[in-house]
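Dear colleague,

I am passing on the structure below, together with some notes on what turned up when I went through it. Please have it open while you read.

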Amino acid sequence: QTGLFRSTDRGASWESIDDALPNDVVYSVSVPDGNMLHVGLNNATFRSSDQGETWEELPDLALHNTYAVQHAGAATLLAETSGGPFISHDGGSTWQQDVFEPFGNVSGLWVRSDGLLLFSANGRVQRSDDGGRTYEVSDMGLFVQNITHIEIARVRYDSLIFMVGTANDGVYVSWNGSDRWEHATPGYWNYGVREIHFTEHSAFPDHESTVAVLTEDGEILRSSDLWEHWELLADSLEAGPFLSITAAEPFYTLATDGEVLYHEKRTGWKRRGSIQPGSGGIGDATLQKSGIHLLAATDRGPYFSPNNGVTWELLLVDGLPRYFVEAKASPHRDTHNCFGVTTTQLFLSTDFFRTWSPIPQAFTAPRYLVYNFMRELVFADVNDIKIISPQFPNKITPFSTFPYEGFTTLGLLYGAVPLAGTASRGVYKSAYSTISVPETPPAPALFELSDMYPVPLHSVAGSGADVHLRLQLRTPGTVIVEVCDLTGKVLHRHERELHAGDNTLHLSVPDVATSMLLLRVHGPGGAVQRLLPVLSSR
């Protein structure tokens with residue numbers, strides 16, 4: 001705020017050179033190309049080609065404070081101003097801003113003299129390799145922030161796909177749990193995601209799979225070609241805003257006036273029934289399906305339908321129409337357990353939602369109910385992840401404590417490995433499975449598995465991988481090694497006669513796409529099981 005000064009003796013002495021400038025409030029001094037001097041003043045920008053002896057005003061940058069002028073290759077310059085970024089392709093004589101308008105709020109500009117330009121816009125990184133003439137998204141492998149929902153699906157045979165919804169930037173996709181994330185909804189930026197559902201069912205017989213996204217403002221986006229093209233479902237239904245969707249067949253939605261809509265292959269979409277019609281809406285709702293029984297968790301209490309949503313009745317929990325924040329019915333048809341969550345309490349129903357009993361445990365804020373493939377309920381309570389067995393629903397087993405300040409959603413990879421979405425740290429995967437594998441206690445004096453490596457196992461597509469076991473036998477005998485998936489299916493069997501003492505066993509494991517294997521080793525006098533994590537190159 002005292003003007004512009006120049007030194008011609010490497011800073012030993014200084015002289016004022018701002019007599020011809022309109023004010024003394026200097027925001028920046030830039031020499032972007034080593035020749036032309038640019039000065040950003042309060043609401044004005046000037047340049048000089050003779051080291052400040054004479055000045056020329058840049059009218060395109062008037063009424064803005066210029067914080068920096070950078071060289072972006074050839075005759076391209078980039079100016080960061082209080083009114084946003086401006087770009088010039090003629091050495092700074094004229095400036096334009098319209099090329100940045102499609103990106104909204106642009107910040108964090110960084111350029112290089114070979115024409116590379118990077119900036120942040122709406123949570124994405126944009127890159128230009130030609131000095132700002134064309135742009136493309138360039139944030140593969142960066143953290144995906146503000147996670148609100150995690151969906152994991154199996155598509156196209158053994159391929160796994162992760163989908164995460166964000167609070168303000170749509171849906172991101174990652175194949176096989178890699179570090180590369182693709183923005184799946186580029187035409188629908190700046191919306192929050194409440195739920196994601198991946199379906200493969202006969203309601204949409206012409207497509208291999210369908211992705212449906214419920215946004216925070218009650219719209220449903222649907223893609224039937226793996227997010228190449230999207231449609232707004234509410235536009236075709238003339239309904240909404242929506243509060244919940246399910247991946248059951250038929251595909252159900254719940255609108256704010258309490259109406260339930262469903263899809264049939266022959267007749268398309270139509271209204272099915274209502275919950276308190278004309279009541280002015282449902283504050284929050286979750287539809288869960290088990291057989292033909294449906295449960296809607298609403299702000300007026302849980303509603304039950306025994307006939308696919310044609311009629312509904314209010315359920316009382318402890319004699320009251322309690323507001324269920326979330327409800328989750330077991331996806332396994334032979335398990336009738338269903339859990340409902342209030343703000344501080346878990347309730348259990350074992351008779352298709354008719355009656356409920358409280359879980360006699362103290363909770364702070366139970367959330368994010370999900371079932372692992374062993375029919376156990378996995379949920380979060382603040383930073384703690386806990387498990388409830390279907391055989392012992394009143395027994396809570398602690399699993400782990402998330403090491404950071406809370407998480408925003410919970411998912412399970414392969415139905416067993418927890419994934420935690422966070423507000424500012426991306427997605428975390430647990431190193432352990434929620435599935436407890438019972439081990440047959442060995443007779444240590446006769447048989448022992450003392451080491452197994454490498455862990456995790458690196459499986460190469462087409463060739464598999466080698467695993468090495470170190471075994472101790474007190475007496476010689478037959479050792480059988482079985483490599484199984486987590487359902488118990490034997491993928492590889494190896495049998496060998498070993499001598500007494502230390503033995504190192506090398507065996508080849510076939511190429512697998514799963515991220516977790518079960519290793520069973522049977523020896524003289526004992527047997528043991530171990531979980532073996534796998535990193536696959538598929």
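I begin with S48, whose side chain makes a polar contact with the side chain of D50 at 2.7 Å (a pair of N or O atoms within 3.5 Å, where one must be able to donate a hydrogen and the other to accept it, and where residues adjacent in sequence count only if both atoms are side-chain atoms). The side chain of S48 also reaches the backbone oxygen of T54, at 2.8 Å.

Please keep in mind that this is a predicted model, in which local features need pLDDT of at least 70 and side-chain atom pairs count only at pLDDT 80 or more, while totals for chains, interfaces and linings use all residues. Residues are numbered from 1 along each chain as its sequence is written, and side-chain values use heavy atoms, with hydrogens and water left out.

S48 lies in strand 5, residues 44-48 (strands are DSSP runs of E, at least two residues, numbered from the N terminus), and it is buried, with a relative accessible area of 1% (buried means under 20%, with a 1.4 Å probe and protein chains only). Leaving aside neighbours within four places in sequence, S48 is in contact (heavy atoms within 4.5 Å) with N35, M36, L37, E53, T54 and W55.

Best wishes

Conventions. Helix = DSSP H or I, 4+ residues; strand = E, 2+ residues; numbered from the N terminus. Buried < 20%, exposed > 50% of the residue type's maximum accessible area, 1.4 Å probe, protein only.
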